[in-house]
Every structure is written in C-alpha cells, then in structure tokens.
Amino acid sequence: MLIDIRELKRGYRMGEQEVWALNGVSVQVPYGDFVAIMGPSGSGKSTLLNVIGCLDVPTSGFYDLDGIPVAGLSRAALAKVRNQKIGFVFQNFNLLARTSARENVELPMLYNATALRGKALHERAETLLGQVGLGDRMLHTPAQLSGGQQQRVAIARALMNNPPLLLADEPTGNLDSQSTRDIMNFFRELNAQGQTIVMVTHEDDVAAFAKRKIVMRDGKVVS
C-alpha cells in the first residue's frame, strides 16, 4: 500500500475553540491508483492533500507512505521524504519566471543527495520534456509558453526524481477546456504506465479521468 491513513485528525485553535479540518479520516491508496479527492470548500480536502504531501503534520492518527511512518517525523525528515517520494503539481504552476523550462524541470534534482549532475541531469530533464511534448521548447521561459505548456513543464518537474506518488492540487484550475483535456489525458497515460496519482479537484469532468473518487465533507470521508 503506497498510502495508508487511519483515523487521522488535524485540528486548529480559533480563539477558545478547536476546529477539526480533518476529523478521523481513513484512506488507503494502493500503488498504481488514480484518485480524485472532491468536496465543497472547507471540507478538508486541501488539508488532507497537505498532510499526504508532508507539507502539514497531523494532530493525531496514523500515516504510512511507501513503508515510512511519516506522522511523527521531524520537519527535516519530512523534507527528505517530500523530495524523494512525492512530485507536486499546483494550479498556479509555480515555475521560476526567468528560468528556462529545462532548468525548471531540473530543480528537484538539485536538492537530492543522490542527484544526477551535469550532462546526465540535462538529459533526464530533456527526456521528460520530450515525454510531455515540449522537446522543442526546453530553452523557453514560462512567459514564452502557454498555460497548458507551463503545466506540462510543471508535470515534468514533478517527475524529475521519479517519485512513487504524484500529487496534483486543482491542476487544471487555470487552464482552458482544451488544455484541461490534454493535461488530464496525459495524467491518464502516466497512470497507465504505473504512476500513482492523487488529485484534488472540484470539477466532475476532471474527476472523471480518475479511477475512483473520495468525497469529503466537514473533515470526514463521506464516500
């Protein structure tokens, strides 16, 4: 099991009151799955994605990622897990504006202790850009690319360290309908090749590309 979460809670203090963004969530995601997490605003889906992505720490509960019990790790240890185990794709792309597509893709490898360097690093980035259909755009900056092309660069960057888990947070939120279909078809192809994907979305037509849906409400999984 790649993701094993049991009775996870995440609470926040608001004045005298404790609010539970996650309130006893249990989720299992096997290797090779493609899951869409859905729910209204405030349902806890973004908090769950942040905990899965080791960007946030649960208040209580069990979380095992790729055989590692991450719920009790230090921030430094969490950063190492993030770099080695997880690739992130965000709604706003989060690319460096003055940096080429290839250099953007290479970034995660620069923080990897077992990283490729020099020619091997460039070749890995160029191979990934070729896979996302941007082999002829690798020296372009984000300003020279369309929204759909920028998201493809972001996907290539997320795959740079060959992580077992790809997390996508509203990955098509800033894209037109054609670019949305292109990106989601590419996610489906990645999943068919064995990549595990967990995606947050509020759009039913985007969630339809996933193998299954997890629906949240009020900090709980309701279906």
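What share of the contacts in the protein chain with a separation of 6 or more is accounted for by residues 24 or more positions apart? In this predicted model, residues 24 or more positions apart account for 71% of the contacts in that category. The secondary structure of the protein chain consists of seven helices and ten strands. With a radius of gyration of 18 Å, close to the 17 Å that the globule rule gives for 223 residues, the protein chain is therefore as compact as a globular protein of that length. Taken along the principal axes, the box filled by the C-alpha atoms of the protein chain spans roughly 55 × 40 × 35 Å.

Burial and surface composition were then computed for the protein chain. As for charge, the protein chain carries 24 positive and 22 negative side chains, and a distance of 3 Å separates the centres of the two sets.

The buried residues in α3 are A101, R102, N104, V105, E106, P108 and M109. Their cover includes three further helices, namely α2 (75-85), α4 (118-131) and α5 (147-158).

Terms used:
Residues numbered from 1 in each chain as written. Predicted model: local features only at pLDDT ≥ 70, side-chain atom pairs only at ≥ 80, totals over all residues. Heavy atoms only, no water. Helix = DSSP H or I, 4+ residues; strand = E, 2+ residues; numbered from the N terminus. Rg over C-alpha atoms; globule rule 2.2 N^0.38 Å. Contact = heavy atoms within 4.5 Å. Lys, Arg positive; Asp, Glu negative; His and termini not counted. Charge placed at Lys NZ, Arg CZ, Asp CG, Glu CD. Buried < 20%, exposed > 50% of the residue type's maximum accessible area, 1.4 Å probe, protein only.
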